[in-house]
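Colleague: I have just opened this entry and would like to learn how to read its features. Could you take me through them one at a time?

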Amino acid sequence: MKTGFCTAIAAGLIATAAPAQDEAKEERLVLPSGLEAYLQEVLRQEGGEGAPIVRARYVAEALEAGATLDEVSADLEYLCNADALPRIGEAAGEGVRIIVSLGDRPSDFGVPSPDVRQVFEAFTVESGLCIWEAF
């Protein structure tokens, strides 16, 4: 699993319909680890070669540095299958890559934020499911 800071360039990304931050905080998801998370935003990167990339960015304020790999991996897979995939609907065709990130507080995409604890994983949509991509 890759962890670190998201330093991707935001060019070419389009924000899709996501709840306003205050409204999203009310729509908390209970993760397999017991953490509660809410959706910060969904970004879709169009163009290029291959299928589009969808970035589903979540916040779990209680995310701790000591979380185990198994706990965080299960949480990210759950977020992809239970929330991100249904949220993007028909846009989640075969081969679409969904990158799920989970931070301990909201952050701006593409802006280095060393004080934000963040983990992320990439998944490919196959047969209507999020399949983890081993980097």
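Colleague: Which side chain does Arg57 meet in a salt bridge?

Modeller: Please keep in mind that this is a predicted model. A salt bridge is read from a side-chain nitrogen of Lys or Arg that lies within 4 Å of a carboxyl oxygen of Asp or Glu. Here the side chain of Arg57 meets that of Glu41, with 2.4 Å from N to O. The pair links distant parts of the chain, since Arg57 belongs to strand 4 (residues 53-59) and Glu41 to strand 3 (residues 36-45), 16 residues apart. Arg57 is buried, and Glu41 is buried as well.

Colleague: How many salt bridges are there by this rule?

Modeller: The count comes to 7 salt bridges. One of them joins the side chains of Arg87 and Asp83, at 3.1 Å from N to O. Because Arg87 and Asp83 are 4 residues apart in helix 2, about one helical turn separates them.

Colleague: Which residue does Glu133 meet in a salt bridge?

Modeller: The side chain of Glu133 meets that of Arg97, at 3.0 Å from N to O. Glu133 lies in the segment after strand 7 and Arg97 in strand 5, so this pair ties together parts that are 36 residues apart in sequence. Glu133 is buried, because its relative accessible area is 15%, while Arg97, with 32%, is partly exposed.

Colleague: Which residues are linked in a network of salt bridges?

Modeller: Such a network links Asp104, Arg105, Asp115 and Arg117.

Colleague: Which residues does a disulfide join?

Modeller: In general, a disulfide is a covalent bond between the sulfur atoms of two cysteines. This structure holds 1 disulfide, and it joins Cys80 to Cys130, with 2.0 Å from S to S. The two cysteines link distant parts of the chain, with Cys80 in helix 2 (residues 69-88) and Cys130 in strand 7 (residues 129-132), 50 residues apart. The disulfide is left-handed, because the torsion about the S-S bond of Cys80 and Cys130 is about -75°. Both Cys80 and Cys130 are buried.

Colleague: Where is Ser113 placed?

Modeller: Ser113 is in the loop between strand 5 (97-103) and strand 6 (118-126). With a relative accessible area of 17%, Ser113 is buried, and its side chain reaches the backbone oxygen of Val111 at 3.2 Å.

Colleague: How many helices and strands are in the protein chain?

Modeller: The protein chain has 2 helices and 7 strands, and from the N terminus on these elements run β-α-β-β-β-α-β-β-β. To see how the chain comes together, one can look at contacts between residues at least 6 apart in sequence, and of these 63% join residues at least 24 apart.

Colleague: What share of the residues is buried?

Modeller: Of the 135 residues in the protein chain, 42% are buried. The accessible surface of the chain comes to about 7,100 Å², and 52% of that surface belongs to carbon and sulfur atoms.

Notes. Residues numbered from 1 in each chain as written. Predicted model: local features only at pLDDT ≥ 70, side-chain atom pairs only at ≥ 80, totals over all residues. Heavy atoms only, no water. Buried < 20%, exposed > 50% of the residue type's maximum accessible area, 1.4 Å probe, protein only. Polar contact = N/O pair within 3.5 Å; in protein donor to acceptor, adjacent residues only side chain to side chain. Contact = heavy atoms within 4.5 Å. Areas by Shrake-Rupley, 256 points an atom, 1.4 Å probe, with all protein chains shown as cover. Disulfide = S-S within 2.5 Å.
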